[in-house]
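Here is a short walk through one protein structure. Keep the sequence and the 3D view at hand as you read.

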Amino acid sequence: SDYYIGETEVTQALWQAVMDSNPSNFNDNPQRPVEQVSWNKCQEFITKLNELTGKTFRLPTDAEWLYAAKGGNKSQGYTYSGSNNVAAVAWYKDNSSNQTHDVKTKSPNELGIYDMSGNVAEWTSDIVTVNFNNYEYHHFRGGAYSLDNECCKVTYYSYTGPTTAVNDIGFRLCLST
């Protein structure tokens, strides 16, 4: 189905405008992606944003995120989102100086979307239940400034608990049409 996905990760400026706070570790520039936000906190942000705008923003599903990261119907089959050269499209362990960077400072992918292979990993709406403890974990995708190039591949994903808030996971918004 049709949907819109954010051109960039949610910035600290947007988070500050909606939540009147900034939880980020790297908080010296409001154009950096917000981080130190758990999946649960993202839901609180989205609820407030929806109340303020009258729209229905949400986290992208895992499939929506992956489709956009691969370049959608304009895909060139790149290893990373927008290139086979990780440094062209991603802030990652080898070039980030161990910190986030302003959004839109690397090249976009085929759809004009930035930072899907680096800067911060991004929460999706997908949930996985681990059978041995019936605990729900939430997916995140994309690489991060603290991770190596293998983690920046469009196919990379991992998961963690909904209350985990670390300085290399943020999120991107989605809007259904």
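The paragraphs below go from the nonpolar cores to the aromatic rings and then to the charged side chains.

The model is a predicted one. Begin with its largest nonpolar core, which has 20 residues. The residues with the most contacts inside this core are Trp15, Phe45, Trp123, Phe171 and Leu173. Helices H1 and H2 and strands E3 (121-130) and E6 (169-171) each give two or more residues to the core. Helix H2 gives the most, with five residues. In soluble globular proteins, nonpolar side chains tend to be buried together.

Now look at Leu173. Leaving aside residues up to four places away in sequence, Leu173 touches Tyr4, Ile5, Gly6, Val10, Leu14, Phe45, Ile46, Leu49, Phe57 and Arg58. There is also a second, separate core of ten residues. Leu66, Ala69, Ile113 and Met116 are among them.

Next come the aromatic rings. The structure holds seven aromatic pairs. One of them joins Phe26 and Tyr145. How are these two rings set against each other? Their centres are 5.3 Å apart and their planes meet at 85 degrees, so the pair is edge-to-face. Phe26 lies in the loop between helix H1 (12-19) and helix H2 (39-53), and Tyr145 lies in the loop between strand E4 (135-141) and strand E5 (157-160). The pair therefore ties together parts that are 119 residues apart in sequence. Phe26 is buried, with a relative accessible area of 14%. Tyr145 is buried too, at 4%.

Trp15, Phe45 and Phe171 form one aromatic cluster. Elsewhere, a ring meets a charge: the charged end of Lys106 sits over the ring of Trp91, 4.3 Å from its centre.

The structure holds seven. In one of them, the side chains of Lys41 and Glu44 meet, with N and O 3.3 Å apart. Both residues lie in helix H2, three residues apart, about one turn of the helix. Lys41 is partly exposed, with a relative accessible area of 38%. Glu44 is also partly exposed, at 38%.

Arg58 forms a salt bridge with Glu64, and their closest N and O atoms are 2.7 Å apart.

Lys153 and Glu150 form another salt bridge, at 2.9 Å from N to O. Lys153 is partly exposed at 24%, and Glu150 is partly exposed at 46%.

Notes: Residues are numbered from 1 along each chain as its sequence is written. This is a predicted model: local features need pLDDT of at least 70, side-chain atom pairs count only at pLDDT 80 or more; totals for chains, interfaces and linings use all residues. Side-chain values use heavy atoms; hydrogens and water are left out. Rings of Phe, Tyr and Trp (its six-membered ring) pair if their centres lie within 6.5 Å; planes under 30 degrees apart count as stacked, over 60 as edge-to-face and the rest as tilted. Helices (H or I, at least four residues) and strands (E, at least two) are DSSP runs, numbered from the N terminus. Buried means under 20% relative accessible area, exposed over 50%, partly exposed in between (1.4 Å probe, protein chains only). A charge sits over a ring if NZ of Lys or CZ of Arg is within 6 Å of the ring centre and within 35 degrees of the ring normal. A nonpolar core is a set of buried Ala, Val, Leu, Ile, Met, Phe, Trp, Tyr and Cys residues joined through side-chain atoms within 4.5 Å. Contact means heavy atoms within 4.5 Å. A salt bridge is a side-chain nitrogen of Lys or Arg within 4 Å of a carboxyl oxygen of Asp or Glu.
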